[in-house]
Amino acid sequence: MNIAKIHVWKVPVLLYGDLADRVLIYIHGQGGRKEEAESFAEIATNYGWQVISVDLPEHGERKDKARFVPWEIIPELQKIMKSAKENWKVIGIYACSIGAYFSIQAFQNTKPDICLLVSPVLDMEDMISNMMLQAQVTEEQLKERQEIKTETGVVLSCKYLCWVREHPVKSICKETNILYGTQDEMIPYKIVKKFSEENNCRLNFVENGQPWLHTDREVAAMRKWEQTVLEESRSIIPNK
């Protein structure tokens, strides 16, 4: 499998696969890096896709001043999408955890042809509210101090919470496929179920899967799901 290390709009990315008319943009979650896409790319390239994997701010090779916050990440992802539209006819998204949240926010107006979302964060306000509850931080305290660092090291931000409330999520693609671990304590099932039903998403499960799908059994289930979705993606017709 060909792997090219390039920059797109100054963002370090890896491009996997031989020349093709379709590409999947891989967006990692918190603590991830672009290299983690390689196992998925080995599968995707067999189905006629190339894969672009991005280092988000404060991750991987990123040494610039960009921060891991949506108002800085989203414009970057939109530039990546613009470049992809200039070079490929079919564009898909593969995004994990909070990377899925950023993707949904970034690509509202571009409508990818297909989305694969793994353990996606779909209600950031609910997640922040739970972190505040666990840290015993009230909204009034957060407004007064603007930022509060919890005992676990998480920084709660009033600006972040306000931004999230002003930008609710909605589906970006008719062909949205979600993979969810049934033991995911970070992302409540009721939220994933509600989003899937409201947006006609295809919801699949990893039984007893944890928030981070990493065991041999979980990874095997994830690879099987990827293969099924990508096999069906062969029917996507290039739009130009």
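A salt bridge is a side-chain nitrogen of Lys or Arg within 4 Å of a carboxyl oxygen of Asp or Glu. Side chains of opposite charge can pair when their charged atoms come close. The structure is a predicted model, in which local features need pLDDT of at least 70 and side-chain atom pairs count only at pLDDT 80 or more, while totals for chains, interfaces and linings use all residues. Residues are numbered from 1 along each chain as its sequence is written, and side-chain values use heavy atoms, with hydrogens and water left out. A search of the whole structure finds 18 salt bridges.

**Salt bridge of Asp 21 and Arg 22**

- Asp 21 pairs with Arg 22 in a salt bridge whose closest N and O atoms are 3.4 Å apart.
- Arg 22 has a relative accessible area of 8% and is buried, where buried means under 20%, exposed over 50% and partly exposed in between (1.4 Å probe, protein chains only).
- Asp 21, at 31% relative accessibility, is partly exposed.

**Salt bridges within helices**

- Helices are DSSP runs (H or I, at least four residues), numbered from the N terminus.
- In the salt bridge of Glu 86 with Lys 82, the closest N and O atoms are 2.8 Å apart.
- Glu 86 and Lys 82 are four residues apart in helix H2 (residues 70-87), so about one helical turn separates them.
- Glu 86 is exposed at 54% relative accessibility, and Lys 82 is partly exposed at 45%.
- Arg 223 forms a salt bridge with Glu 226, with 2.8 Å between the closest N and O atoms.
- Both Arg 223 and Glu 226 belong to helix H8 (residues 216-232), where they are three residues apart, about one turn of the helix.
- Glu 226 has a relative accessible area of 0% and is buried.

**A network**

- Salt bridges link Lys 5, Arg 33, Lys 34, Glu 35, Asp 55 and Glu 61 in a network.

**Helices H4 and H6**

- The axes of helix H4 (residues 124-134) and helix H6 (residues 158-166) come within 9 Å and cross at roughly 150 degrees.
- Axes are lines fitted to C-alpha atoms, for helices over the stretch in contact, and angles run from 0 to 180 degrees between N-to-C directions.
- H4 and H6 are therefore roughly antiparallel, a term for angles over 145 degrees.
- The contact (heavy atoms within 4.5 Å) involves Met 124, Glu 125, Ile 128 and Met 132 of H4 and Tyr 160, Leu 161, Val 164 and Arg 165 of H6.

Notes
Helices (H or I, at least four residues) and strands (E, at least two) are DSSP runs, numbered from the N terminus. Angles under 35 degrees count as roughly parallel, over 145 as roughly antiparallel, 65 to 115 as roughly perpendicular and the rest as oblique.
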